[in-house]
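Work through the exercises below with the sequence and the structure in view. Try each task yourself before you read its solution.

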Amino acid sequence: MSAITNITSTAQVSIEKRVAELISQMGLDEKIGQMSQLQGGGNSIPHDLAESLRASRVGSILNEVNVDIINEMQRICVEESRLGIPLLIGRDVIHGFKTIFPIPLGQAASWDPDIIEAGARVSANEAASAGVNWTFAPMIDITRDPRWGRIAESLGEDPYLCGVLGTAMVKGFQSNDLSKPGSIAACAKHFAGYGAAEGGRDYNTANIPENEMRNVHLRPFKRVAEAGVASFMSAFCDLNGVPATGNTWLMDDLLRKEWGYQGMVVSDWESIVEMSVHGFTHDDEEAAYEAVMAGIDMEMASSSYHDHLEDLVAQDKVSIEQIDTMVARVLKLKFELGLFEKPYTDPDEHVALLDKSALKAAKQAAVMSCVLLKNERHVLPLSHADLGSVAVIGPLADDGYEQLGTWVFDGEAQHSVTCKQAIEEMIGRTVDINYVKALDTTRSHNDDGFEEAVAAANKSDAVIVVVGEESFMSGEAHSRADIDLPGHQAELIKAVASAGKPVVVVIMAGRPLTIGNILDHADAVLYAWHPGTMGGPAIADLLFGIESPSGKLPVTFPKMVGQVPIFYSHKNTGRPATDHTCFNMEEVEPRASQTSLGMTSFHLDAGYKPLFPFGFGLTYGDIKYVKITTSHRSISLGETMDIAADVVNTGSRAAEEIVQLYVRDLVGNVTRPVKELRGFKRVSLKPGERKRISFSLHTDELAFYNRKMEHVTEPGRFHVWIGGSSDAELWADFEIHS
Ligand code: NOJ
């Protein structure tokens, strides 16, 4: 397994030796201590916790970010416990620590591994300055259901994109050496299948056939495992009848034996004892037993290991060898992090929180995350030289808290720069800014502020409406069944549009929203997700043309929630819908016979297409794709083929375009998706510029798990597309022979 962590094999050997030596001196209670993670937080160390630290009954603390308290905890462990083993300090540093970056789904819209790596680097540095040495990120669950609140925390629907971007995030957190100051351990979560929760209800059951598990859900996990992610977290869900936390097929047969993963596995919060709530175990003791059998090295928050492992060993149900293997993985990580050499944190050795460079990176990430969904008559970018006044309207136009999004424990609204503030700062000296909040919250149904909003629109040359979802409306346990813009925000957009001025809608949200009902009332729509601390300046730069939008959707946007799940890499079915076979039920004659209307796979009231496809996003240029070629008509297994196309900017403004490569394997031992992303490249194009963009594709990149769960590339015919979204039309074909 190739590892990002640049530990030379000699260093690795010496770590293994040190781990073995330490284990040989440990009592069973001290070993179980290493397998237990407790909750911190608060202004002091409670007496009981201090005693537990002294007695080596704790291996890790989570949710403590006071550096003095962390240092004191480390001191107790290192100086007052028998063997002096330092602590792992875990925290959900999901999209920033103090400097908040766009939510992960927004970052994924950048399709830019470099900006994601840079963001994770900043976050790691800031978190490390507080004494945190382990984050519970990246979340690389495949998410194909926008109702699920945790889609916000994900990198989207596609296994390839998720794998590439997840790896970049791991690299950013861990750098090339975990022991370097400012590096923290990453955690691939939630292993596995959590994103397939029934109905998008969080924590719900996932039923995923093994073939789909391997070809879709497990792919990003395998990729980050190969890239050296330091830890994995088990998922809360029941996976095919066995909770992931006690799933020996998943955790042992696959992760350990098949993939050879040697990092540490932590449970999710109380997910060991919740196995009894699932109805999989009778009590905490049995739950602890099942978790050990699966190979969960550390228990988060609950205490079933602490309470029952000694007994389980005494009853010969769990062997000391098993315990030693698990403890070794915990200790190995502590050695790799350099905690034995340097257990204490000196904040002064780190770049300051919210440093200029951090804010710059956060702004750049927000710029690259925004997706331009509509730009009628090139209304954007706005030219402030041509504007006397602009209306800035909406509940999220000036709300520093809500723009931060979910999973923000340490970021603070006071550091956010809002759209209103940024627009004022940028053009306020020469242009009148008419600001009206209009709705108290995004959920408000009270239209009292509409009159003032319409008046502001009437007296302005252009209108910017900032709407969306509040932070709490996505994230853990925060799913929605209706994913329209909440409250009366759609009505607000319609009301201000009646003024007849150019209307630009900016949407801040934690998920794809069904926004078909507002598209006709907006000249331009910029999807900003929850953009983080520097959301305002990033959006202002985009709206006024200092920057050009380049984001592309990392997830399909449905027209209506009833289409869910809808994703681009679906199977063809035996009766695929086409434009010719699909009709709208409004147009059907009364008493039409069942069969006269065609028999294909679509919804009578929604058709078969989404509102916006995966990969979609406009720029300020006009991008065209022409002249696709393949270097060969046919290649053998083991060979590489080049596929190229011309990308042309026929517009009058410079643009950055994310060029995407999709492939279809026409016939397989198991059916293959209609399109699968296999590459992407960011390209800058001046007005009128044409560039030839080429991708290399090795036949191994077309491998998939067949009916026997063998990972193989099958000879046969393939289609290949190059384009600006998963709707790409420019295609060629080629053959692979054995
Ligand atoms: C539960 C969440 O599912 C997980 O993602 C998170 O890391 C832990 N809680 C710790 O806060």
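A residue is called buried if its relative accessible area is under 20%, exposed if it is over 50%, and partly exposed in between, with a 1.4 Å probe and protein chains only. Helices (H or I, at least four residues) and strands (E, at least two) are DSSP runs, numbered from the N terminus. The model is predicted, so local features need pLDDT of at least 70 and side-chain atom pairs count only at pLDDT 80 or more, while totals for chains, interfaces and linings use all residues. Residues are numbered from 1 along each chain as its sequence is written, and side-chain values use heavy atoms, with hydrogens and water left out.

**Exercise 1.** Find out which residues of H18 are buried, and what they pack against.

*Solution.* Begin with the helix itself, where Gln489, Ala490, Leu492, Ile493, Ala495 and Val496 are buried. Then look for their contacts (heavy atoms within 4.5 Å): the buried residues of H18 pack against the strands E12 (389-393), E14 and E15 (503-508), and also against the helices H17 (450-458) and H19 (516-519).

**Exercise 2.** Locate serine 474 in the chain and decide whether serine 474 is buried or exposed.

*Solution.* Serine 474 belongs to the loop that runs between strand E14 (462-468) and helix H18 (489-497). With a relative accessible area of 1%, serine 474 is buried. If residues up to four places away in sequence are not counted, serine 474 touches Gly149, Ala152, Thr406, Gly510, Arg511 and His530.

**Exercise 3.** Describe the open sheet that contains strand E19.

*Solution.* Two strands pair if DSSP finds at least two bridges between them. The open sheet has three strands in the order E17-E19-E22, and their pairing is antiparallel. Its edge strands, each pairing on one side only, are E17 (623-630) and E22 (690-698). Strand E19 (residues 640-649) is joined to E22 over nine bridges in the antiparallel sense, and threonine 640 stands opposite histidine 698 in E22.
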